[in-house]
Amino acid sequence: LIAGNTVLLIHGWTMNAEYWWQNTPELANSQRVVLLDLRGHGLSGKTDEGHTLAQYARDVRHLITALDLDGVTPVGWSMGTAIILNYLIQFGDDRLRSVVFVDQSPKFFSTEDWPYPLLGDFSPQALGVFAQDMRHDRRGAAKSFIAACFAEIPSAETIDEMYAESTKTPTGAALSVFMDMSYEDLRPAAGEVVFLNWT
């Protein structure tokens, strides 16, 4: 049995646990820290199946129960936030202590009732273009996407390093979960978070 407070760090789309290493030592001073590579990402096994937010949330649930964790604070970066919201939809707050969301819109597409889409202005048409670019020029599409995730564009070396890590996720898997994420509207789930009865 692993007891005590645990922080579970859930990475973003096509990223992996490597991106949390600079945060881990400080966090580990006061709590247990668990990192994972999601299905198809980083060093995890590569499969064509299960690349949806709902399945990733079930994978996180499997990890939590397999390690017999309780009082978990999942920290979701980008796609990790959407995974946590899917966890809450499926399992409520069971085994969780609190949640932390980092840099993710609960709805990607721009609509009249939602002025906070992905990258400031995102549409199904833009998604189609991005998907085609990923299939035919992944390097260009992925590097542009990575650069757009920063308030200040990082160095070319940093973008190259992040792109290299992202290639550990097969293109098919990356597109499957990105398409799933794009069509999700997680605003209702996000709105319910403040009403959860955390103990």
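Contact, as the word is used here, means heavy atoms within 4.5 Å. Please keep in mind that this is a predicted model.

1. Let me begin with the sheet. Four strands form an open sheet in the order S2-S1-S3-S4, with parallel pairing. Strands S2 (32-35) and S4 (100-102) stand at the edges with a single partner strand each, so one side of each has no neighbour in the sheet. On average, neighbouring strands here are turned by 20° against each other, direction ignored.

2. Next, the pairings one by one. S1 (residues 6-10) pairs with S2 in the parallel sense over 4 bridges, and leucine 9 has leucine 35 in S2 as its bridge partner. Between S1 and S3 there are 5 bridges, again in the parallel sense; here isoleucine 10 stands opposite glycine 76 in S3. S3 and S4 run parallel and are joined by 3 bridges, with glycine 76 opposite phenylalanine 101 in S4.

3. How covered is S3? Mostly: 5 of its 6 residues are buried. Over in S1, threonine 6 is worth a click. Its relative accessible area is 1%, and buried means under 20%, so threonine 6 counts as buried. Leaving aside residues up to four places away in sequence, threonine 6 touches Arg32, Val34, Leu69, Gly71, Val72 and Thr73.

4. Now to helix H2 (residues 53-66), which lies across S1, S2 and strand S3 (72-77) and runs at about 150° to S1. Leu53, Gln55, Tyr56, Ala57, Val60, Arg61 and Ile64 are the buried residues in H2. The elements covering them include S1, S3, H3 and helix H7 (171-183). Just after H2, aspartate 68 takes a positive phi of about 55°, if you are checking backbone torsions.

5. Helix H3 (residues 79-91) lies across S1, S3 and S4, at about 135° to S3. From first C-alpha to last, the 13 residues of H3 reach 18 Å, close to the 18 Å expected at 1.5 Å a residue. Why call H3 largely enclosed by the rest of the structure? Because 10 of its 13 residues are buried. Those buried residues are Met79, Gly80, Thr81, Ala82, Ile83, Ile84, Leu85, Asn86, Tyr87 and Leu88. They pack against S1, H2, S3, S4, H7 and helix H8 (187-192). Just after H3 comes another backbone detail: glycine 92 takes a positive phi of about 65°.

6. Finally, a helix pair. Helix H5 (residues 138-148) packs against helix H6 (residues 156-166) at an angle of about 120°, and their axes are 10 Å apart. H5 and H6 are therefore oblique to each other, and H5 passes H6 in a right-handed crossing. On the H5 side, the residues that meet H6 are Arg138, Arg139, Ala142, Lys143, Ile146 and Ala147. Their counterparts in H6 are Ile159, Asp160, Met162, Tyr163 and Ser166.

Conventions:
Residues are numbered from 1 along each chain as its sequence is written. This is a predicted model: local features need pLDDT of at least 70, side-chain atom pairs count only at pLDDT 80 or more; totals for chains, interfaces and linings use all residues. Side-chain values use heavy atoms; hydrogens and water are left out. Two strands pair if DSSP finds at least two bridges between them. Helices (H or I, at least four residues) and strands (E, at least two) are DSSP runs, numbered from the N terminus. Axes are lines fitted to C-alpha atoms, for helices over the stretch in contact, and angles run from 0 to 180 degrees between N-to-C directions. Buried means under 20% relative accessible area, exposed over 50%, partly exposed in between (1.4 Å probe, protein chains only). Angles under 35 degrees count as roughly parallel, over 145 as roughly antiparallel, 65 to 115 as roughly perpendicular and the rest as oblique. A crossing is left-handed if the near helix is turned anticlockwise from the far one by less than a right angle, and right-handed if clockwise. The expected span of a helix is 1.5 Å times one less than its number of residues.
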